[in-house]
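Student: I am new to this structure. Please take one part and walk me through it closely.

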Amino acid sequence: MCGLYGVLSYGNEIKDIAEITEALAVESAVRGTDATGIAYNKRGYMKVFKRSKSAYEMKFNVPRGINVVMGHTRHATQGTLKYNDNNHPFSGMCGGKEFALAHNGILCNDTALRRELRLPSTRIETDSYIAVQILESQKQLNFDSIKYMSEKVEGSYSFTILDNKNNLYIVKVCPYCNENYILNRGSKRTSAQLDHFYNKSQNPLFAICLYNLIPVCAACNHIKHTNQLNISPFDEDIDRESLKISYNFINSSYLEDKNSVEVIFKPEGNSGKQIYDDIKRLNIHESYKFHNDYLQEILKKRIIYTNSQIIELYD
């Protein structure tokens with residue numbers, strides 16, 4: 001997956017902003033070294049600078065007086081690196097307002113959405129760019145249009161969106177299920193609910209501890225209730241690679257029948273078992289059964305595209 005990073009100051013000028021941006025990009029390079037980019041607003045005009053280089057090779061020239069910078073480090077999954085427009089952030093225009101968008105994750109219904117919404121074809125080859133096109137199809141860039149875009153796309157994602165008025169929007173998905181998005185909806189409401197990771201009735205001292213409050217979707221909060229999970233999203237010591245997700249053929253008709261293939265989980269070691277136990281407690285394994293069509297599409301693409309075409313994406 002890719003990395004998202006940025007700097008935001010409410011009014012005060014940030015000293016050494018170029019050095020800070022570069023340091024954040026280098027820290028984010030662990031998430032992707034195929035390309036690096038930043039976006040910022042200069043006198044009402046969006047500036048996007050990106051290259052097919054790792055953050056370790058990049059030098060950032062961010063002007064003094066810039067208070068907001070958003071950035072992206074890319075691990076390419078779709079779209080050749082030779083074409084710089086495939087890299088993030090992307091530029092867009094909505095209702096006369098310029099914006100830049102960066103994405104971490106994988107969107108699996110971009111082709112279908114382009115047909116459904118009758119969006120124009122584009123030379124940009126990444127699945128991420130459909131988010132820009134959906135926003136551009138709206139009359140204004142605001143919470144409603146971002147909500148509309150977030151509900152249309154399917155897959156895993158976090159988005160950062162910066163406009164030429166220095167409004168910065170961050171769209172995240174629930175850290176428990178990595179499926180339902182949690183996005184602020186104005187100053188009075190939010191679509192995120194706060195889960196007490198450690199039950200507040202049994203751990204009253206943790207009731208208002210920030211590290212015990214996890215912003216999650218309503219479904220996960222309801223299912224978890226007072227149950228205790230093994231792993232907190234803040235836990236950095238867990239080997240998250242110890243749970244592998246694979247697939248199993250039920251019969252040979254998987255190209256025609258999506259129910260002929262299924263997602264399976266392969267936990268490895270104690271960490272893998274802990275993660276899998278949490279997945280079962282939250283019924284996340286059940287939700288995967290409703291997405292066999294995604295798996296079917298991936299398998300079809302693997303047959304359609306040759307090894308050389310796949311390798312070409314990285315050349």
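Tutor: Start where two helices touch. From α3, the residues A131, I134 and L135 take part. Their partners in α4 are S145, I146, Y148, M149 and K152. Sorted by class, this contact of α3 with α4 has 6 nonpolar, 1 polar and 1 charged residues. Keep in mind that the model is predicted.

Now the geometry. Two packed helices are described by the angle between their axes and the distance between the axes. Here the axes of α3 and α4 come within 9 Å. They cross at roughly 140°. Angles over 145 degrees would count as roughly antiparallel. The helices α3 and α4 are therefore oblique to each other. The crossing of α3 past α4 is right-handed.

Next, look at the core. The largest nonpolar core has 24 residues. Those that touch the most other members are F99, L101, L135, M149, V153, F159 and I161. Two or more residues each come from β5 (90–94), β6 (97–107), α3 (129–136), α4 (143–152), β7 (155–163) and β8 (168–173). The largest share is from α3, with 6 residues. L135 and M149 also belong to the helix contact.

Take F159 as one example. Beyond its neighbours within four places in sequence, F159 is in contact with L101, A102, H103, L107, A131, M149, V153, Y169, I170 and V171.

In soluble globular proteins, nonpolar side chains tend to be buried together.

Definitions and conventions
Residues are numbered from 1 along each chain as its sequence is written. This is a predicted model: local features need pLDDT of at least 70, side-chain atom pairs count only at pLDDT 80 or more; totals for chains, interfaces and linings use all residues. Side-chain values use heavy atoms; hydrogens and water are left out. A nonpolar core is a set of buried Ala, Val, Leu, Ile, Met, Phe, Trp, Tyr and Cys residues joined through side-chain atoms within 4.5 Å. Buried means under 20% relative accessible area, exposed over 50%, partly exposed in between (1.4 Å probe, protein chains only). Helices (H or I, at least four residues) and strands (E, at least two) are DSSP runs, numbered from the N terminus. Contact means heavy atoms within 4.5 Å. Axes are lines fitted to C-alpha atoms, for helices over the stretch in contact, and angles run from 0 to 180 degrees between N-to-C directions. Angles under 35 degrees count as roughly parallel, over 145 as roughly antiparallel, 65 to 115 as roughly perpendicular and the rest as oblique. A crossing is left-handed if the near helix is turned anticlockwise from the far one by less than a right angle, and right-handed if clockwise. Ala, Val, Leu, Ile, Met, Phe, Trp, Tyr, Cys and Pro count as nonpolar, Asp, Glu, Lys and Arg as charged, and the others, Gly among them, as polar.
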